[in-house]
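User: Please take a close look at the aromatic rings in this structure, with the criteria spelled out.

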Amino acid sequence: MSQAPTDHAGIATQNVVEKALQSQGEDRHKLGREKFIERVWEWKKLYGGTIINQLKCMGASCDWSRERFTLDEGLSRAVKEVFVRLYEEGLIYRGDYIINWCPRCHTALSDLEVEHEDVKGKLWYIKYKFTHKAGYVTVATTRPETYLGDTAVAVNPNDERYKDIIGKTVKLPVLNREIPVIADEFVDSSFGTGAVKVTPAHDPNDFEIAKRHNLPFIKIMTGDGKMTEEAGPYRGQDRFVCRKNVLNDLEDLGHLVKITDHDLAIGHCYRCKTIVEPYLSKQWFVKIKSLADEAIKSVKDGRVKIVPSGWENSYFDWMENIKDWCISRQIWWGHRIPVWYCKSCEEIIVSRETPTACKCGSDNLRQDEDVLDTWFSSALWPFSTLGWPDDTEELKTFYPTSVLITGFDILFFWVARMIMMGLKFMGKQPFEHVYIHALIRDAEGQKMSKSKGNVVDPLKMTEAYGTDAVRFTLAAYAAQGRDIKFDEKKVEGYKHFLNKIWNVARFISMNIQEGEKIVPVRELLSDGSPFTFSLADRWILSRVSSVCSEVNQSLDEYRFNDSANILYQFIWHELCDWYVEMIKPELYGDNAESKSAAISTLMHVYETALSLLHPFMPFITEEIWQQLPAGKEVNSLCIRKYPVADEGIKDREAEDKMTVIMDAVNGIRSIRGELNISPSLELKALIKADVSSGDILNANLTYVVKLAGAGEIQIGKEIKSPKNAAVAIKPSMEIYVPLKGLIDFDSEISRLNKEFAKTQKELMFIKKKLANEDFRMKAPKAVVEENQLKCNEYQSKLQGIQDNIDKFKEWGK
């Protein structure tokens, strides 16, 4: 079963609606919670179906009657049940903790919701004077404004430089607050001066140090990034304005010792890109360690397999170092936390249903204002959508499912949490396989973003080239462990593949009379059948059986690119370029048995190919299937059993013989192409082959003559190369094509000289560009690589042209 899922995307959706309100001069706080949520539901009603419509346009084959939304009533019930059960087991708690805080969104963010950007920052060295003696200690910090919240200076107890000052006190500049010097082994003696400022309310490491030493917690910043009363003269200032003013004052007072360059990884909100603040706040958390341990085991013992397997190391690394999950968000759109506070006795009530009164008898209750992290409800998806906590038939039938397909960017946000919750509440993993698909980048390998203007709208691509061409392109380039460089030219190329498939359907319709009975291949192969299959028939039947095997194996192993490329190669080249051309004499001839065998073979192979191709190109394959002659075993490819290998029609002898024939034809074709000999010009070919290959070629000479466009072919073991002949070497043969009378050597040399000059000019241009240091430094890596590739291609082309010039000069003597 494939569901049609959408989540409520709490922070992202609320941001969009708030911006819309601001453009209308409104504000969510003026509207109030209920009215604002009504507005969000209106927005969801208007735009919520966009993703589903896009999925339908792209041919996603889901059971659309099972569409679910994380705020549906049934799912909301499951969310409350999980929260209450975890709370009752002591796995959910509320406490003060340093969390990632977005001053723009006014909400907590989990570690995964913070995007880090490497920047060139500064390290400021500030001196704190001792309180009761001369001298000072210097600390280094990347956030000087936070010194206003310092409650200690810490040094490593093993640092000989500072043993004498442990236990002493220093005064903060400007504020003159007295704080102690403490010893803690967490301090890295090699960082800065080896003495660090401790700001417990604004740094996660300092928070832990403060708990160990019973230090006070001083909040110097509000939720919107403004300085509090504790910041003294800087109260009310924006955090970055405060930083500038603090540095000016420290310098004026002689407390700013020096400034050095320092590389930083600055955290940003994943939605609005605002710089995140470590912030002391009362939040709800899940004690995650015990849940994570079980989820780790499920992957290690093979109950859950991650493909490509390289992602398992990332999974283990994150899960083994996991921190408690902050699940509360200070927004209004989402599942409101099912917790109430009694205003009379301060009792905390955690309940599945809305309580009417506290156990103290008071009905003066207030529900927690926060909502749950969107990923909390999404983590329950595999079972909440199937009716849990009720023991439904759907739950028994569809849990666990077989495979989850997702992107690497939500491996921890979603996948890991689904595994944890599934094991906890269902006792089983939610899925057996997790396939991590590629990230689609632009043609130059750059990540798509609106700011770069390189975002490709898949629906516009489908309008231009058809959905099937877009789908097949993505599949053909979806190699495991590699991102997809999306190039519109590739889509255009696969549109031609669709035309090729249509042409076969037209060819079949032209060669089958209305009402004509087509005998199934299996009947023709049965004992006593009067029909004799040609070598071409036997070969293509054997090949389609092998292709079935190869495609199924690659699909089982999630090598979708291999499946797509196997089908492309088989349909375009083996079926269209070879088999269809080889059977034309039978179809246009008078031998009824040969024609019937060819038609039956063609129909069997084509129907099998369409079925194999259907998951990749559902629209064209289904359309053709509906138009094929009567006699199909099912009315729709959607319900046709996916083809598997038929060992009974595999024919190694036929494949070996066809390899010899194809080598001969390809050898003659390569000479024709390299020497620019017109396809309409019949040529003579001499083939020196061993006895076995010679017998095969002589027995099937009509195939070779027709497909090679040859007027005369001589085959023998003792054939010698004639004078002025082009040569092609194949595994079991040498092919000679006499050129006398075929080519005007002087004209051809003149043409090649012009082509040489043109190619040489293009090569010089590319070389000049690559020699430009400015270009190599500033151009995207993909562009430089593309130009280097072109340079190599031009060099090879030049060598090939020169080789041909030399040959023509020799032949023309």
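Analyst: The structure holds 31 aromatic pairs, a pair being two rings of Phe, Tyr or Trp (its six-membered ring) whose centres lie within 6.5 Å, with planes under 30 degrees apart counted as stacked, over 60 as edge-to-face and the rest as tilted. This is a predicted model, in which local features need pLDDT of at least 70 and side-chain atom pairs count only at pLDDT 80 or more, while totals for chains, interfaces and linings use all residues. Residues are numbered from 1 along each chain as its sequence is written, and side-chain values use heavy atoms, with hydrogens and water left out.

One of the pairs is formed by Tyr-93 and Phe-285, stacked at 5.5 Å centre to centre with 15° between the planes. Because Tyr-93 lies in strand β3 (residues 92-102) and Phe-285 in strand β12 (residues 277-286), this pair ties together parts 192 residues apart in sequence; strands (E, at least two residues) and helices (H or I, at least four) are DSSP runs numbered from the N terminus. Tyr-93 is partly exposed at 25% relative accessibility, whereas Phe-285, at 2%, is buried, where buried means under 20% relative accessible area, exposed over 50% and partly exposed in between (1.4 Å probe, protein chains only).

Tyr-477 and Tyr-494 form an edge-to-face pair, 6.5 Å centre to centre and with 70° between the planes. This pair links Tyr-477, in the loop between α15 (467-476) and β23 (484-485), to Tyr-494 in helix α16 (residues 488-511), 17 residues apart. Tyr-477 is partly exposed at 34%, and Tyr-494 is buried at 10%. Both belong to a cluster linked by ring pairs, together with Phe-472, Phe-497, Tyr-568, Trp-572 and Phe-616.
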